[in-house]
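Here's a quick briefing to read alongside the structure. Keep the 3D view open and click on the residues as they come up.

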Amino acid sequence: MTVPSLNEFLTEDHNRLDEFLERFQERKAGNFVEAAEFWTRFASALKRHLIWEETILFPLFEQKTGQSGLTDTLRAEHEEIREWLTALGEKVQQNDSDNDHEVEMLVNELGGHNAREEYALYPQLDKLLSEAERRTAFEAMSAVPEGTP
């Protein structure tokens, strides 16, 4: 069985995350309870995605290339993403629908960040890793449950 491309899989996960956030935004003015459910799904899945990258993919990239410039940049962006995720999460917990600024900042941070991953990191990993190494990466990723803090 052929192991899928990391780029395809992770780009699809980015798209899934975007859909959760879009559904949160669409519903927050009319049905905040329903919006909060999408927020919870988004936040949980995004945290897992960040863990995949930081604990599995970034170390693989650094090991294969001997370089950490790209991954250092991406890690710093993860910190920014976590800050906006926390700020927005606090507003959601308080049922505060006045969160357009936090959403905008998070969306802006994710946009550039995801592009760097989809056009630089993931394609390089697909080229650098053997099928067996990709399989091992996917196995490690599947062991991280959604909802991981």
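**Where helix 1 meets helix 5**

L6, F9 and L10 in helix 1 meet R134, F138 and M141 in helix 5. One thing to keep in mind from the start: what you're looking at is a predicted model.

**How the helices pack**

- Two packed helices are described by the angle between their axes and the distance between the axes.
- For helix 1 and helix 5, the axes come within 11 Å and cross at roughly 25 degrees.
- An angle under 35 degrees counts as roughly parallel, so helix 1 is roughly parallel to helix 5.
- Now try helix 2 and helix 3, which pack at an angle of about 160 degrees with their axes 11 Å apart.
- Anything over 145 degrees counts as roughly antiparallel, so that's the label for helix 2 against helix 3.
- The crossing of helix 2 past helix 3 is left-handed.

**The nonpolar cores**

- In soluble globular proteins, nonpolar side chains tend to be buried together.
- In this model, the largest nonpolar core has 22 residues.
- Which residues have the most contacts inside that core? They are F24, W39, F42, L46 and L106.
- Helix 2 is the top contributor, giving ten residues.
- Apart from this core lies another one, made of 19 residues, and L57, L60, F61 and A137 are among them.
- Click on F24 to see who its neighbours are: leaving out residues up to four places away in sequence, F24 touches F32, A35, A36, F38, W39, L88, V92, N99 and V103.

**Salt bridges, pair by pair**

- How many salt bridges are there? The count comes to 15.
- One of them joins the side chains of E133 and K64, at 2.7 Å from N to O.
- E133 lies in helix 5 (residues 131–142) and K64 in helix 2, so this pair ties together parts that are 69 residues apart in sequence.
- Are E133 and K64 buried, exposed or partly exposed? E133 is partly exposed, with a relative accessible area of 28%, and K64 is partly exposed too, at 33%.
- D72 and R75 also meet in a salt bridge, at 3.8 Å from N to O.
- Both D72 and R75 lie in helix 3, three residues apart, which is about one turn of the helix.
- D72 has a relative accessible area of 41%, so it counts as partly exposed, and R75 is partly exposed at 26%.
- E26 and R27 make another salt bridge with their side chains, at 3.4 Å from N to O.
- Here E26 is exposed, with a relative accessible area of 58%, whereas R27 is partly exposed, at 24%.

**A salt-bridge network**

- Salt bridges can also link up: D13, R16, R48 and E146 are joined in a network of them.
- Where is R48 in all this? Its place is in helix 2.
- R48 is charged, yet its relative accessible area is 15%, so R48 counts as buried, because the cut-off for buried is under 20%.
- Leaving out residues up to four places away in sequence, R48 touches R16, V144, P145 and E146.

- N95 sits in the loop between helix 3 and helix 4.
- N95 has a positive phi of about 55 degrees although it is not a glycine.
- At 56% relative accessibility, N95 counts as exposed.
- E90, in contrast, has its place in helix 3, and it is partly exposed, with a relative accessible area of 43%.
- How far apart are E90 and F58? They are 32 residues apart in sequence and 29 Å apart in space, going from C-alpha to C-alpha.

Note on methods: Residues are numbered from 1 along each chain as its sequence is written. This is a predicted model: local features need pLDDT of at least 70, side-chain atom pairs count only at pLDDT 80 or more; totals for chains, interfaces and linings use all residues. Side-chain values use heavy atoms; hydrogens and water are left out. A nonpolar core is a set of buried Ala, Val, Leu, Ile, Met, Phe, Trp, Tyr and Cys residues joined through side-chain atoms within 4.5 Å. Buried means under 20% relative accessible area, exposed over 50%, partly exposed in between (1.4 Å probe, protein chains only). Helices (H or I, at least four residues) and strands (E, at least two) are DSSP runs, numbered from the N terminus. Contact means heavy atoms within 4.5 Å. A salt bridge is a side-chain nitrogen of Lys or Arg within 4 Å of a carboxyl oxygen of Asp or Glu. Axes are lines fitted to C-alpha atoms, for helices over the stretch in contact, and angles run from 0 to 180 degrees between N-to-C directions. Angles under 35 degrees count as roughly parallel, over 145 as roughly antiparallel, 65 to 115 as roughly perpendicular and the rest as oblique. A crossing is left-handed if the near helix is turned anticlockwise from the far one by less than a right angle, and right-handed if clockwise.
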